[in-house]
Amino acid sequence: MKFNFVESDEHKMIRETVEQIADDYEDEYWQEVEQGAEPTEFWNDCADAGFLGTAIDEEYGGEGMGLEEFAMVTEEFSANGCLGVEMLFVVNVVFGAVTLQANGSEEQKEEYIPGIVDGDLNWAMALTEPNAGHNAPEMETIAEEDDGEYVINGSKQWISGVEKADKMLLAARTTPVEEASKRTMGVTLFLVDPQDSNIERRELDVGIPTPEKQFELSIDNYVAQEEDIVGTKGMGIYHLFDTLNPERLIGSSGAIGIGRCALDRAIDYANNREVFDGPIGQYQGLQHPIAEAYSELHGSRELVRKAARMQDEDYDPREVAEVSNMAKLRASEAGHEACDVALQTHGGNGFSREYAVIEMWKGTRLAKTAPGSSEMMKNFIAEHTLDMPRSY
Ligand SMILES: Cc1cc2nc3c(=O)[nH]c(=O)nc-3n(C[C@H](O)[C@H](O)[C@H](O)COP(=O)(O)OP(=O)(O)OC[C@H]3O[C@@H](n4cnc5c(N)ncnc54)[C@H](O)[C@@H]3O)c2cc1C
């Protein structure tokens, strides 16, 4: 299915390299990954091609390109059937290398980024809490300063990839919300060892295909040092813009790519399946939803790339968030709608794992809820972009 109408020579080269790698990994490979197999060969191929460092500066072992190219890589892998690749990229590369590049100390950058880019280090990020959810400033995990050390207690929920992570970015309050000058102040980001015995984990029983497992964490007197702080103490929520905007855009790129992949398969199926006279693809009842979903994917992608360029060109993080939230809203809805149309086109066969469309449908449904739900994207647009009263 034709999708890339305008692309530079550099982008064409990236796309072709992605296609070559993706070609080696069939649906069965991704089905095994979602059942718990490690995608080690795929990850090594990505590292060898430089894709884990697409948006990372050359001095830390990256390719020195931007988030726009990283978004492109993610979309193309997804469009070529590498299901769940956006979660692998978000958890390890965005939560790790991209976050440290934006806000880490020089020592943290040198110590960790090259290992992530080489595919040797795995990462995780613990923000969400059972009692805070989207209301992150109300987090209850607290880091109390004690003689230059920080003793951390609390709980986190829905944290991906903890069991194999070498390091985890953890958000905790260093000033209780009641004592902070603003509710968005007083949160600090720490680099912690997720395998420490003071961090207990319990795997969640998750009903959708993901290449990373999810966990609930109990943190009981974990001790962090001053040098484990990422960025400035108390400014964690503001630093998180540099993590959550890229997270949204890489997630969105995955949703668009999966939507493309599903539509591609739907067109192929519709043009070959005959039920009455001729292929089912000749019916406008099937053609129009496919054409609509296709054009929605195009529009969403433009927004995603625009937000990524704004991030690359160092626009004000608040403005990047405004466009990123619009992009995330449109991309997750368009990606899932494309999968829904593809599922309908496949009739009963859509529900067979053989065609993988049902996996795509479930995977893109997640994008409407996490990271950041469609409702919260709309809340942000209304309040911050359109100057309407806060509704909650
Ligand atoms: C597979 C998976 C992997 C994840 N991985 C990670 C991870 O690695 N690290 C991490 O920190 N988190 C992770 N998360 C958590 C994810 O980011 C949150 O689940 C998501 O942000 C939603 O938070 P919540 O589940 O607490 O929902 P809630 O905040 O409880 O929201 C529930 C519902 O209420 C709606 N709602 C809430 N407030 C409002 C409002 N003011 N206006 C309108 N509607 C509202 C929401 O839109 C949503 O539909 C993961 C989640 C999943 C499902």
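Predicted model: local features only at pLDDT ≥ 70, side-chain atom pairs only at ≥ 80, totals over all residues.
## Domains

The protein is divided into three parts: domain 1 covers residues 9-122, domain 2 covers 128-235 and domain 3 covers 239-385. Between the C-alpha centres of domain 2 and domain 3 the distance is 30 Å.

Domain 2 and domain 3 touch, with seven residues of domain 2 in contact with seven residues of domain 3. On the domain 2 side of this contact, five residues are nonpolar, two are polar and none is charged.

## The shell around the ligand

The ligand is surrounded by 23 residues. The closest of these are Leu 127, Gly 133, Ser 373, Glu 375 and Tyr 392. Sorted by class, the shell has 12 nonpolar residues, 10 polar residues and one charged residue.

Domain 2 and domain 3 each give at least three residues to the shell. Among the secondary structure elements, strand 1 (123-126), strand 3 (149-160) and helix 12 (374-385) each supply at least two of the shell residues.

## Helix 8 and helix 9

Helix 8 spans residues 241-272 and helix 9 spans residues 284-312. Their axes come within 10 Å and cross at roughly 155 degrees. An angle over 145 degrees counts as roughly antiparallel, and helix 8 and helix 9 are therefore roughly antiparallel to each other. The crossing of helix 8 past helix 9 is left-handed.

On the helix 8 side, the residues making the contact include Asn 245, Leu 249, Ile 256, Arg 260, Leu 263 and Ala 270. On the helix 9 side they include Leu 286, Ile 290, Tyr 294, Leu 297, Arg 301 and Gln 311. Taken by class, the contact of helix 8 with helix 9 has 15 nonpolar, six polar and two charged residues.

## Helix 4 and helix 5

A second pair is formed by helix 4 (residues 67-79) and helix 5 (residues 85-103), whose axes come within 9 Å and cross at roughly 150 degrees. With that angle, helix 4 and helix 5 are therefore also roughly antiparallel to each other.

Which residues of helix 4 and helix 5 meet? From helix 4 they are Thr 74, Phe 77 and Ser 78, and from helix 5 they are Val 85, Glu 86 and Phe 89. By class, the residues of this contact divide into three nonpolar, two polar and one charged.

Conventions. Residues numbered from 1 in each chain as written. Near = placed C-beta within 6 Å. Helix = DSSP H or I, 4+ residues; strand = E, 2+ residues; numbered from the N terminus. Nonpolar A, V, L, I, M, F, W, Y, C, P; charged D, E, K, R; others polar. Domains from an automatic or database assignment. Axes fitted to C-alpha atoms, helices over the stretch in contact; angles between N-to-C directions. Parallel < 35°, antiparallel > 145°, perpendicular 65-115°, else oblique. Left-handed = near helix turned anticlockwise from the far one by under 90°. Contact = placed C-beta atoms within 7 Å.
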